[in-house]
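Please keep the sequence and the structure in view while reading.

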Amino acid sequence: MTTNENMKELYQSVILDHNKNPKNFKKIEGHTHKQEGFNPVCGDHLHIYIKLSDDKATVEDVGFIGEGCAISKASASMMTQAIKGRPVQEVKDLYKDFHKLLTGKLDPENDENSLGKLQIFSGIWKYPARVKCATLSWHTMAAALDGEAGIIKTE
Amino acid sequence: MSLDVEKIRKDFPILHRPVRNKELVYLDNAATTLKPNIVGQIVSDHYLLGASNIHRGVHYYSEKATDEYEGVRDQIKVFIGAKKRNEIIFTTGTTHSVNLLAHILENTKICKGDEILISEMEHHSNIIPWQMLCQRNGAVLKVIPINDDGEIEIEQYKKLLSNKTKLVSVVHVSNSLGSINPIKQMCSLAHEAGALMMVDAAQAVAHIEIDVQNLDVDFLAFSGHKIYGPTGIGVLYGKEALLEELPPFFGGGDMIEKVTFEGSTYAGLPHKFEAGTPPIASVLGLGGALSYVGDLGLKAIEGHEHEVLAYGTQKLLEIEGLRIIGTSKNKTSIISFVLGDVHPHDIGTLVDQDGVAIRVGHHCTQPVMNRFKVPATARASVSIYNRKQDFDVLANSLRKTLEFFR
């Protein structure tokens, strides 16, 4: 593969679009859960806000604010799209699948999964230094749902 | 005397291995320098042909290892202009040196309510050990501010100094800004206030001449791996009278004189501070690295690196939206920058595809990032084997990066 093809595999156009125009890039008023995430190695830093339904079974609304590289921003943006309106249990399963995808333990073409559009992150496991960029928002979201105290760190 | 860069490049085998099918352009020297053949040879020879412990054997190889190990101490003494060989303590690196110093100064020279001054541009390794000391014994850490160019605010420094100040610990060359600090002036001001002066020379040692007697600093630390030597070896220099007076910190073999269960006495300098078997091969490798640098001459190195840095600065500034962080008049070896709204991590990954190795992130200086209101920077740092054309490659790669994220 040429350099450019390599980079287009890592930075798919969808990722570049979300980096430029992140979705749900806002604090959610009346959120029921929130969490701060920080990657001490590179300084990526975000806050995730989640509003669960009254019966606590569904993610009614989700948003994030913060700063980071294109991959971390796009990952957070696409995550909010993927989990908004979904049952909490499905969100937790999605989190597990996404984690497997990024560590090269899930082949999106052959293994059954719930990833949908998130499959475009499949190229990242070849760039170990960048995996944490994509997982920060997910770890932070999962910790928010679990009500963990303190800041979630990648290290 | 100028450097024969092409000849130097032949001594660094890694430069001749393609990376991602491209020629390696190594501009991450502030993180660690590449190693010349001689260093690899010496380390390998010690393990394969001379492995023996020092200071305790009476056999041939032990005596040989001891002579060579102590020989490097003499070499370092000359390299940094120390008065005596006893003033050179081997550590595992600058971080170890600063931590060791913080522990031996605790409640001997720095007590509750005493003040320690550091600058806003310190590496975390010259912040955290002092913060931890303050937490342990109630000393107070104060910070000398820097200006928008990344220079120490000398007038503010003068105001912060008082009879409460017991130690000033400042970096000689900033690893994230490249600023060269006026150590001699700062040291004399510290001494006037009755404080000791410690210098973190990790980023300075490979790039500018250091003469501890001329600077009159009380302590100085550096790491071997930033001057073409192995990792895991460093130095703490201290004036003999101070080191004599201060207590040991690590206890164990080699640092003792007489041991009984009722009580023990300690060895003299420098062994008092060197408990346990040291990384002998790394010390010998550092000796090889210092000889290599000594043969080239630091004046010639400074001249060459200055020229490459000036060219690189000009080339990078031609790029639309590129802003250099750290514009001190007195700078060496480092260009930190941000590029439009492209995050430094994305820059690092993109230029890597062109074989260019730079560093991206906060460079272990989070307060500097806060000072300049950036989350991170990209940093290109030069060394003896870098050529002007390395910056042509970087500049092209950065233009492609901008295009990619447009």
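What percentage of the 406 residues in chain B do buried residues make up? The share is 58%. The model is predicted.

## Overall form

Chain B contains 14 helices and 15 strands. Its radius of gyration is 22 Å, close to the 22 Å that the globule rule gives for 406 residues, so chain B is as compact as a globular protein of that length. The C-alpha trace of chain B spans about 75 × 55 × 35 Å along its principal axes.

Contacts within chain B can also be sorted by separation in sequence. Of those between residues at least 6 apart in sequence, 71% join residues at least 24 apart.

## Surface and charge

Chain B carries 41 positive and 48 negative side chains. The centres of these two sets lie 3 Å apart.

## Strand β15

Which strands pair with β15(B)? One of them is β12 of chain B (residues 334-339), which pairs in the antiparallel sense over 4 bridges. Here I334(B) stands opposite S381(B). Strand β14 of chain B (residues 359-361) also pairs with β15(B) in the antiparallel sense, over 3 bridges. In that pairing, G361(B) has T377(B) as its bridge partner.

Definitions and conventions
Residues are numbered from 1 along each chain as its sequence is written. Chains are lettered from A and ligands numbered from 1 in the order in which they are written. This is a predicted model: local features need pLDDT of at least 70, side-chain atom pairs count only at pLDDT 80 or more; totals for chains, interfaces and linings use all residues. Side-chain values use heavy atoms; hydrogens and water are left out. Helices (H or I, at least four residues) and strands (E, at least two) are DSSP runs, numbered from the N terminus. The radius of gyration is taken over C-alpha atoms; the globule rule is 2.2 Å times the number of residues to the power 0.38. Buried means under 20% relative accessible area, exposed over 50%, partly exposed in between (1.4 Å probe, protein chains only). Contact means heavy atoms within 4.5 Å. Lys and Arg count as positive and Asp and Glu as negative; His and the chain ends are not counted. The place of a charge is taken as NZ of Lys, CZ of Arg, CG of Asp or CD of Glu. Two strands pair if DSSP finds at least two bridges between them.
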